[in-house]
Amino acid sequence: MPLENENKTLTINGDDIKPGQNKLVRIQISRLPTGTLIDIPVHVFNAKKPGPTVLLQAGLHGDEINGVETLRRMLEKNDFNIEKGAVIVVPILNIFGFIHFSRDVPDGKDVNRSFPGTKSGSLASRMAYHYTNEILPQIDFGIDLHTGGGQRHNYPQIRYTAEDEISKKLAKIFNAPLYFASKLISGSFRKAAFKIHKPIVVYEAGESMRFDELSIQTAIEGIKNVLIEYGMLAGSKSSQKENVHLESTRWVRASRAGMFIPEVENGAAIEKGQTLGVITDTFAKRSKKILAPSDGYVFCINHQAVVNQGDALFHIGR
């Protein structure tokens with residue numbers, strides 16, 4: 001029996017991590033065609049004193065590497081020397097996607113559309129199943145690190161579930177420059193966690209397959225802010241200015257095809273009617289200004305140089 005003031009023992013993949021222990025455990029998933037075993041490495045830090053169990057994960061999409069680097073740096077610098085509670089750190093969830101420089105697993109399925117998964121389903125579904133059953137029951141809340149995809153660069157932002165007040169509180173504590181409610185997507189990790197009352201916030205920053213220092217540093221500060229708030233780490237929270245809450249968001253799309261030239265910085269405050277960028281043809285004969293539909297903030301810019309009509313160019317919030 002645990003002592004009255006002793007933390008709980010965590011059990012992952014049959015490995016017990018007792019109070020006061022730190023351990024690297026591995027959740028076996030499958031093998032490559034060569035026979036090489038693929039597993040998910042899980043770093044567990046379990047303090048002696050009781051407290052919340054926090055999940056920090058990245059690489060759910062294999063090409064989104066800013067979160068991977070964020071957790072790697074924090075592991076390297078021993079930033080999880082916690083005083084109470086437990087931290088479960090998963091730097092790369094989608095190992096298959098990571099080694100193939102891909103968002104998805106080899107059969108093209110998205111792990112983050114495959115939760116809660118099935119034991120005998122597709123590779124993505126099996127990964128989701130093992131993760132749902134081994135990790136989710138252990139945690140009190142989590143932070144899921146992502147980047148923009150498809151050459152879309154996200155300004156540092158944190159997203160919460162509107163129906164979950166705790167996730168909104170976590171987003172506020174994290175203190176990214178921007179935060180807002182985001183709809184739950186069918187098959188997503190966040191929706192699977194919401195169904196079993198596990199609050200998750202999603203940090204989005206940077207773009208796939210590129211390191212972005214602002215994104216990484218903001219993530220490190222945000223994670224520490226949360227751990228400090230709950231008394232798990234000593235110190236004071238970052239003193240960055242108050243974060244901005246967005247009440248609504250929308251995409252500004254290309255009205256025609258052509259070469260796309262942004263003329264506004266990501267994260268900038270904008271005014272209705274302001275020129276955000278230009279779409280031009282290759283012969284310098286025709287160009288079309290892209291105007292801001294409202295006041296607000298730009299928090300994502302598409303870095304695709306050649307665009308088609310209807311492509312999403314700017315994500316803006318009010």
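Q: Why is K224 called partly exposed in this predicted model?
A: K224 has a relative accessible area of 29%. Buried means under 20% and exposed means over 50%, with partly exposed in between. The value for K224 lies in between, so K224 is partly exposed.

Q: What makes D79 and K224 a salt bridge?
A: The closest N and O atoms of D79 and K224 are 3.7 Å apart. A salt bridge requires a side-chain nitrogen of Lys or Arg within 4 Å of a carboxyl oxygen of Asp or Glu. The pair therefore meets the criterion.

Q: Is D79 buried or exposed, and how do you know?
A: D79 has a relative accessible area of 15%. Because the limit for a buried residue is under 20%, D79 is buried.

Q: Why are E76 and R72 said to be separated by about one helical turn?
A: E76 and R72 are four residues apart in helix α1 (residues 66-76), which means that about one helical turn separates them. An α-helix has 3.6 residues a turn, so residues three or four places apart point the same way. The side chains of E76 and R72 meet in a salt bridge of 3.5 Å, N to O. Both residues also belong to a network of salt bridges that links E69, R72, R73, E76 and E213.

Q: What makes E76 exposed but R72 partly exposed?
A: E76 has a relative accessible area of 54%, and exposed means over 50%. R72 has a value of 39%, so R72 falls in between the limits and is partly exposed.

Q: How do you know that K237 and E229 form a salt bridge?
A: Their closest N and O atoms are 2.6 Å apart, and the cut-off is within 4 Å. K237 is partly exposed at 39% relative accessible area, and E229 is partly exposed at 36%. A search of the whole structure finds 10 salt bridges.

Q: How do you know that D164 is buried yet has no salt bridge?
A: D164, found in the loop between β8 and α4 (165-174), is buried. The nearest side chain of opposite charge, R190, is 8.0 Å away, whereas a salt bridge needs atoms within 4 Å. Leaving aside its neighbours within four places in sequence, D164 is in contact with F194 and P199.

Q: How many aromatic pairs are found, and why is the pair of Y160 and Y179 called tilted?
A: A search of the whole structure finds eight aromatic pairs. The ring centres of Y160 and Y179 are 6.3 Å apart and their planes stand at 45°. Planes under 30 degrees apart count as stacked and over 60 as edge-to-face, so this pair is tilted. The pair links distant parts of the chain, with Y160 in strand β8 (residues 152-160) and Y179 in strand β9 (residues 178-181). Y160 is buried, at 5% relative accessible area, and Y179 is buried, at 8%.

Q: What makes F260 and F314 an edge-to-face pair?
A: The angle between their planes is 80°, and over 60 counts as edge-to-face. The rings are 5.5 Å centre to centre, and the limit for a pair is within 6.5 Å. F260 lies in strand β13 (residues 258-262) and F314 in strand β19 (residues 312-317), 54 residues apart. Both F260 and F314 are buried.

Definitions and conventions. Residues numbered from 1 in each chain as written. Predicted model: local features only at pLDDT ≥ 70, side-chain atom pairs only at ≥ 80, totals over all residues. Heavy atoms only, no water. Phe/Tyr/Trp six-rings, centres within 6.5 Å; stacked < 30°, edge-to-face > 60°. Helix = DSSP H or I, 4+ residues; strand = E, 2+ residues; numbered from the N terminus. Buried < 20%, exposed > 50% of the residue type's maximum accessible area, 1.4 Å probe, protein only. Lys, Arg positive; Asp, Glu negative; His and termini not counted. Contact = heavy atoms within 4.5 Å.
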